[in-house]
Amino acid sequence: MAETQTAATAGAIGSSKGSDDIIQIHGMHKWYGDFHVLKDINLSVKAKERIVICGPSGSGKSTLIRCINRLEEHQKGDIYVNGIELTNDLKNIDLIRREVGMVFQHFNLFPHLTVLENCTLGPIWVRQTPKKEAEAIAMQYLERVKIPEQALKFPGQLSGGQQQRVAIARSLCMSPKIMLFDEPTSALDPEMIKEVLDTMIELADTGMTMLCVTHEMGFAKTVADRVIFMDGGEIIEQNEPHSFFDNPQHERTQLFLSQILAH
Amino acid sequence: MANTHNPDMTPGLVNAYEPGEHPDWPAPSSVKGPAHWIKTNLFGSVTNTLLTLLTIYLLYKIIPAMVDWMFIDAAYTGTSRKDCEAQASGACWAFIGTRLQLFIYGFYPEAERWRVNLTAILLVVALAPVLYDNVPHRGKALIFTVLYPLIAGVLLVGGIFGLEYVATDQFGGLMLNVIIGVTGIAFSLPIGICLALGRQSHLPVLRIVCVAFIEFIRGVPLITLLFVAAVMLSYFVPPGTNFDLLVRMLIMVTLFASGYMAEVIRGGLQAIPKGQYEAADSMGLKYWQSMRLIILPQALKIAIPGIVNTFIALYKDTTLVIVIGRLDILGIGRSSLADSKWQGLSTEVYVFVAIFFFISCFLMSRYSLYLEKKLHTGH
């Protein structure tokens, strides 16, 4: 497995100008039928970079990060993740997915499995980790998200915030190189948002490459290296958080920020 | 229940304290216990009271007469209908009793019937690890389960290992119902799962084949398929091939149930939120892994009532083999009625057959409730 991966990586790097960017998107377009969701997206992400993507609803920000692990298919342009090109080749898709973790708005835990089983499923079946070892790793991550005592419960018995932390632990158990967050706090009650954000901040401190679609501007200010603003399927503006919030260049960015920071 | 008769609690005391003041006391009998249940559930309103009284009256009319006919005034021994009538005016169970072997084994040779019994015992052994997951050595036991159809076939038909050959047209009675029912149930579930997944496939050819098969099966009565199996199939296979009639019936019944099963399971699959597929995909699970580990366990759980419904319908449909000349338990019963010594005892026969089917189907339905409870994980 390691050999194929190195071979694929080497091959891909040659065609991607040998840069050290872990994600590269060039001239990417996506349509839903006639609807042009993503228009000419160009984005490079360095390893360990923390990016927050924001924008009004329907601006294509979720679709963008879902293209990175092929939950959505792009129709034009190219995407390289970890040096591997995303094409219809299932082998490449599998290679990329095992390096990219994803946390969803609605957690998407597996309700018929315990918290521990949720966390060990990927390592056991995708990475062929022995069960004992996978459980030890899972307990480590559950401790890191501060819910080891819930390991034997079912997701349905946990609160929303706890479920989302389990979902984060579940992704981390696969030891991904990149983590994608698709509005991880949008479905949570206000009092639970903090516990999830704290977990994400801690994760950011460990040097994980993170792409977060979120409306939590406080989080963006604290951890982001770069904030990207999208509208109408385009990247309108990107900048480091200070300049982005204090000195937005584009009119639409100013409007958006004034709307969400108004109260 | 017993604590409703607390000696300290006279009726007058019930209102002598504020609610919540004495959590240590049992609830007053006016809000708890059988008397309260009867009052609120059976005599809660005028309509309710009338319905309760009417039901009690009907039960009073039916139950004693039935018990009398079935048990108290029934004859259990005798060699002809006359013997029964001499003893009692109710049911003549002697008729069933003298023919019980026929009802169970059909025309299976008497000297070889131990093979049927052994097959039945092994069936229980084979089913145990499937039905209950705390069976010791479950993994090894499941290997036996997989081999069981072969073992059962060899035992029942024989012809090798020194077992005498028994042609399948000698199979009959209850044994025939169980063979067809269990085979249909065991094979229709996996085939149904494959058809349901095929129907959702992105591969157009596979999808069209599955849809066509399901719609064909659902559009044709089982009796027609059995006739086709009995009469027409011989036109399609090369001349001289002897394709056993029982095997043809097993295949038809299984395919028939699979078509229905596929739709029941599709219902379950559609109830699974898209997020479950996405979570499985984003982990890097392959298609069959995510189906087996994530999607199907949840979809099948949702579909349990429908699946068991299909099983029960299939099991009762096994009586249709009579149309192609095989005598199952119902067929044996009907043909027994022609015996001049026992003429006119059709009620006994049909009650007996009804009881047999009721017990089998009731057990299936109870098991499905147990399974649903066991799989409930609080979501």
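**Contact, burial and pockets**

Reply: The contact takes 23 residues from chain A and 21 residues from chain B, where contact means heavy atoms within 4.5 Å. This is a predicted model, in which local features need pLDDT of at least 70 and side-chain atom pairs count only at pLDDT 80 or more, while totals for chains, interfaces and linings use all residues. Residues are numbered from 1 along each chain as its sequence is written, chains are lettered from A and ligands numbered from 1 in the order in which they are written, and side-chain values use heavy atoms, with hydrogens and water left out.

Me: What is the area buried between chain B and chain A?

Reply: About 2,000 Å² is buried between the two chains, and carbon and sulfur atoms give 62% of it. Buried area is the accessible area (1.4 Å probe) that two parts lose on being put together, summed over both. In chain B, Ser282(B), Met283(B) and Thr377(B) lose the most area to chain A, together 31% of what that side buries.

Me: Why is Gln289(B) called buried?

Reply: Gln289(B) has a relative accessible area of 18%. Buried means under 20% relative accessible area, exposed over 50% and partly exposed in between (1.4 Å probe, protein chains only), so Gln289(B) counts as buried. Gln289(B) belongs to helix α13 of chain B; helices (H or I, at least four residues) are DSSP runs, numbered from the N terminus. Beyond its neighbours within four places in sequence, Gln289(B) is in contact with Trp125(A) and Ile294(B).

Me: What makes helix α4 of chain A mostly covered?

Reply: Eight of the 11 residues of α4(A) (residues 115-125) are buried, including Val115(A), Leu116(A) and Cys119(A). Their cover includes α5 and α6 of chain A together with α12 and α13 of chain B.

Me: Which residues have the most contacts inside the largest nonpolar core?

Reply: They are Ile25(A), Ile53(A), Leu64(A), Leu211(A) and Phe171(B), in a core of 118 residues. Helix α13 of chain B gives the largest share, 14 residues. A nonpolar core is a set of buried Ala, Val, Leu, Ile, Met, Phe, Trp, Tyr and Cys residues joined through side-chain atoms within 4.5 Å.

Me: How do the residues lining the second largest pocket divide?

Reply: The lining has 12 nonpolar, six polar and 10 charged residues. Ala, Val, Leu, Ile, Met, Phe, Trp, Tyr, Cys and Pro count as nonpolar, Asp, Glu, Lys and Arg as charged, and the others, Gly among them, as polar.

Technical notes: Helices (H or I, at least four residues) and strands (E, at least two) are DSSP runs, numbered from the N terminus.
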